[in-house]
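Here is a protein model to read closely.

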Amino acid sequence: MALYAYKAIDANAIEVAGNIAADTARHARDQLRSRGLNVAIIKESRELTRSLASRIRRRAIANRMFEVFREWLTLLRAGFPLLQVLDTSLKQHRGHLRTSLLLLREHVASGSSLAEAMRRQPHVFNTLTINLIEIGERTGALEDVLDRLIHYHQRSRAFKGKIGNALIYPGIVLFMAGLVSILLMRFVVPNILEPLIRAGRPLPMVTQIVKSISDLLITQWWPIMLTVFLLVSAIGLFLHSDRG
């Protein structure tokens, strides 16, 4: 099922625009006609799909989805059926989160279970969430599962926050130590060693190693900086991946 952007004319001759999820463009056009709309333009919303697949955006959507779970839990406990709960969520959100919810709603409306609909969006819902939702649907304990997922996400965010706070100070210390070391090697060490080199005295092995590092930083500083940048970027991408 894909997402289609459309422009149409309603029964009052007013132009309306929006998105609709359907298997094909023809299916989407039929759905719009059944709503009393005269379709003018309809095309697959590829731009939204690409944006939704980006790692940074999908991580933000996945985090906001737990806010949606809290809304679902409130509505389900109030006695609303699942499809009406999804319709209410669509009215509360905008942007790419609404796109994800729209696809979810259309799959459920076409007969899929909530877990099956989530499984079609692996970039938003992880395996743990999908499996727990599936268990909740089969056992009739969907509300309890949502409650557990919300509390798990809260504990996980609190734990990550503690780790981040604990790493701030040593991170600053390491950064400053590295910066000072580079400045020493780049500007101070050459001035100290210059008189010894002019005197022609043999340098100890440790001093020769320090001199080699200093010369490398002076002559090859930009390849070193580029290598460090690429290495840090590669580590960051790995940590933001599912395996990382």
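This is a predicted model: local features need pLDDT of at least 70, side-chain atom pairs count only at pLDDT 80 or more; totals for chains, interfaces and linings use all residues.

Q: Why is Ile168 called partly exposed?
A: Its relative accessibility is 46%.

Q: What makes Asp147 and Arg77 a salt bridge?
A: Their closest N and O atoms are 3.9 Å apart. The cut-off is within 4 Å, so the pair qualifies. The pair links distant parts of the chain, with Asp147 in helix H8 and Arg77 in helix H3 (residues 55–77), 70 residues apart.

Q: Why is Arg77 called exposed, but Asp147 partly exposed?
A: Arg77 has 52% relative accessibility. Exposed means over 50%, so Arg77 counts as exposed. Asp147 has 24%, so Asp147 is partly exposed.

Q: How do you know that Arg198 and Glu194 form a salt bridge?
A: The closest N and O atoms are 2.5 Å apart. That is within 4 Å, so the pair counts. Both are in helix H8, four residues apart, so about one helical turn separates them.

Q: What makes Asp215 and Lys211 a salt bridge, and what separates them?
A: The closest N and O atoms are 2.8 Å apart. The cut-off is within 4 Å, so this pair counts too. Asp215 and Lys211 are four residues apart in helix H9 (residues 205–219), about one helical turn.

Methods:
Residues are numbered from 1 along each chain as its sequence is written. Side-chain values use heavy atoms; hydrogens and water are left out. Buried means under 20% relative accessible area, exposed over 50%, partly exposed in between (1.4 Å probe, protein chains only). A salt bridge is a side-chain nitrogen of Lys or Arg within 4 Å of a carboxyl oxygen of Asp or Glu. Helices (H or I, at least four residues) and strands (E, at least two) are DSSP runs, numbered from the N terminus.
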